[in-house]
Amino acid sequence: MADTLEFNEIYQEVKGSMNDGRLRLSRQGVIFKNSKTGKVDNIQASELAEGVWRRVALGHGLKLVTKNGHVYKYDGFRESEFDKLSDFFKAHYRLELAEKDLCVKGWNWGTVRFGGQLLSFDIGEQPVFEIPLSNVSQCTTGKNEVTLEFHQNDDAEVSLMEVRFYVPPTQEDGVDPVEAFAQNVLSKADVIQATGDAICIFRELQCLTPRGRYDIRIYPTFLHLHGKTFDYKIPYTTVLRLFLLPHKDQRQMFFVISLDPPIKQGQTRYHFLILLFSKDEDISLTLNMNEEEVEKRFEGRLTKNMSGSLYEMVSRVMKALVNRKITVPGNFQGHSGAQCITCSYKASSGLLYPLERGFIYVHKPPVHIRFDEISFVNFARGTTTTRSFDFEIETKQGTQYTFSSIEREEYGKLFDFVNAKKLNIKNRGLKEGMKQSYDEYADSDEDQHDAYLERMKEEGKIREENANDSSDGSGDETDESFNPGEEDDDVAEEFDSNASASSSSGVGDSDRDEKKPAKKAKIVKDRKPRKKQPESKKGKDPNAPKRPMSAYMLWLNANREKIKSDHPGISITDLSKKAGEQWKAMSKEKKEEWDRKAEDARRDYEKAMKEYSMGSKSESSKAERSRKKKKKQEKQMKGKAEKKGATSKSSSLKSSAKSMSESFKSKEFVSSDESTSAESKKEDSEEEGGASPAPSTEESASGSD
């Protein structure tokens, strides 16, 4: 017969909830490990008093009763496993695994029996139901009636909160059956009553979850948090773990208490109690017990009078009362020398602590992940910037945690830590091969094929090349790549064309109309220095030579189809992993062949870039010459337009003066003056090379004379 029996997907009934886990039976005893909390229940073989096999809702169940009255229930067994368990109990525990069926008559009248931590309601010799008294939160009595209230079960959609028992009166004198029933329940129930004085009190401690300042009263069996709005009573039996974590600023300390079941505030559940202390804050503490009681109860772990840092006193008292070890960070050190990593989880920023057996994140929301429940981890590039990365953890239950915005400098430290703990890394390649090479070549870090690190380096090179290309080709235009006033420039161009048209067409208008083009021309002159965005800046030149590929990429392109044919249906990710393995296993001589090809491709690329840059420079010089020529022509046209406007203005002034002097000049003087003005207009028309304007009325009159 085997020395051990192991069962997966077994459910343990604890306070009304069914906790999934693994059950192991060995010669030494029974061990059950909770998959959700990681808590381990160990029952020594010498403590077992009874074993019962019975049919339950989830198939078949096993009930174990110890000699001190504790009851453990495990469900989820198959009917065929009874013979195997029965033989094991006989051989190793010397117990008969009894079969007992529950009564299903549906009667509500029977007998109540108290056995250890269990209340059993029986009809005849068969039990109808059983109530673990540790589930009872309150017991009240009435006339011939006892009411039991239960702790709320957060994992179940529907919870049983209350049961009432009718206790008939008896003829016995001096014995009240209702009070006797209640006393039997209260002696074993998990009822928190603040009777007596507290062992010690810590005043006004800063609590992050639940948020606020609380007075913490330490009682022998529970912890009492008293705040301005809420009060919490926490039994020491609900404390799973204690953590003492240094803050990144090295001036504060976190003290974290993990709870199961959690404390409740309305619909909110707090699985962690987080206290924040300053290292500089000291306290002198005196326990409310005499020295003999302190020595007898705590066995030297505490003394009646103690002094020191506040966080040390709180953690020391909690460790002695809860009787659990305090977890502190291990040998991990980040880039800045701290034992934690700054990151973001969901919408809040916090600190991630790599521990010896898990990760813990504080503080909003607090998360504790054990190594044994991690399926794999993943290093991913940050979504917002390339200066950070994301650290993803997926558990065996399928839950995924993403810690984002981690500085790139922390990557090497975190990767080495995860690698040393032998956690599965999703984007590293074949895990077994990597572990062997790491052990065999402990000092050779470059032999490890780190896909993420290589990708980060390659992207960094590409970004540098892009930056160099853009700075060489753009010149002075880089400062104007972003134009918030682009629409204003379009309006200004239309305004310029209208101004030039009006200045050329309004030569023969009145003085007021002639002044408007001059004002518009002045505005155009002020706005002219704004440069127009070149069309070449809109996108990358498709005619530019393509960058050369590395030796690995050349080899991969040549062998991709071969890998696909050797592994039909392989995914892209698996293909990349397989290619990385083959490339790593390739001999140095074969790699040198592809290195030579990559070097030839690089030379060809440099030669093509030189030719491309020479061609682009000649094209840019031609464009510059044509732009200067166009600018010169526009300047000449503008000068002619201004000169023409000035000439028309002087001629109009002359004609007005001439009309005023007609009344007192003689005929001979008038005729000679008109001939002179006609000759000057003729000269102006010949200089402009265009047709002369139509003669005025005075000119036609003199011609007829």
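Is helix H4 mostly covered, or are its residues left in the open?

What we have on the screen is a predicted model, in which local features need pLDDT of at least 70, side-chain atom pairs count only at pLDDT 80 or more, and totals for chains, interfaces and linings use all residues. Residues are numbered from 1 along each chain as its sequence is written, and side-chain values use heavy atoms, with hydrogens and water left out.

The chain holds 14 helices and 31 strands; these are DSSP runs numbered from the N terminus, with helices being H or I of at least four residues and strands being E of at least two. Of its 705 residues, 33% count as buried, where buried means under 20% relative accessible area, exposed means over 50%, and partly exposed is in between, with a 1.4 Å probe and protein chains only. Among contacts with a separation of 6 or more, 47% come from residues 24 or more positions apart; a contact here means heavy atoms within 4.5 Å.

Back to my opening question. H4 is mostly covered, with ten of its 13 residues buried. Those buried residues are Leu310, Tyr311, Met313, Val314, Ser315, Val317, Met318, Ala320, Leu321 and Val322. The helix spans residues 310-322 and reaches 18 Å from its first C-alpha to its last, close to the 18 Å expected at 1.5 Å a residue; that expected span is 1.5 Å times one less than the number of residues.

Now, the sheets. In the seven-stranded one, the order is E28-E27-E26-E25-E31-E30-E29, the sheet is open, and the pairing is antiparallel. Two strands pair if DSSP finds at least two bridges between them. At the edges are E28 (367-370) and E29 (374-381), each pairing on one side only. From one strand to the next, the twist averages 30°; axes are lines fitted to C-alpha atoms, for helices over the stretch in contact, and angles run from 0 to 180 degrees between N-to-C directions.

Within this sheet, E25 (residues 341-345) and E31 (residues 400-407) pair in the antiparallel sense over two bridges, and Ser344 has Ser404 in E31 as its bridge partner. Helix H5 (residues 411-420) lies across E25, E26, E27, E29, E30 and E31, running at about 160° to E29.

The other sheet I'd like to show you has three strands, in the order E9-E10-E11, and is likewise open, with antiparallel pairing. E9 (111-115) and E11 (126-132) stand at the edges with a single partner strand each, so one side of each has no neighbour in the sheet. Here the twist averages 25° from one strand to the next. E9 and E10 (residues 118-123) pair over five bridges, and Thr111 has Asp122 in E10 as its bridge partner. Helix H2 (residues 177-188) lies across E9 and E10, at about 35° to E9.

Have a look at Pro127, which is found in strand E11. Which residues is Pro127 in contact with, leaving aside its neighbours within four places in sequence? They are Asp101, Leu102, Cys103, Ser120, Phe121 and Asp122. With a relative accessible area of 11%, Pro127 is buried.

On to the aromatics. A search of the whole structure finds 29 aromatic pairs; rings of Phe, Tyr and Trp (its six-membered ring) pair if their centres lie within 6.5 Å, and planes under 30 degrees apart count as stacked, over 60 as edge-to-face and the rest as tilted. Phe88 and Tyr93 have ring centres 5.7 Å apart and planes at 80°, so that pair is edge-to-face. Phe88 is buried at 1% relative accessibility, and Tyr93 is buried at 8%. Phe379 and Phe391 form a tilted pair, 5.3 Å centre to centre with 45° between the planes. Phe379 belongs to E29 and Phe391 to E30, twelve residues apart. Both of these rings also belong to one aromatic cluster, whose members include Phe332, Phe359, Tyr411 and Phe415.

One last stop: the charged end of Lys105 sits over the ring of Trp107, 4.6 Å from its centre, and Lys597 does likewise over Trp594, at 4.1 Å. That description needs NZ of Lys or CZ of Arg within 6 Å of the ring centre and within 35 degrees of the ring normal. Thanks, everyone!
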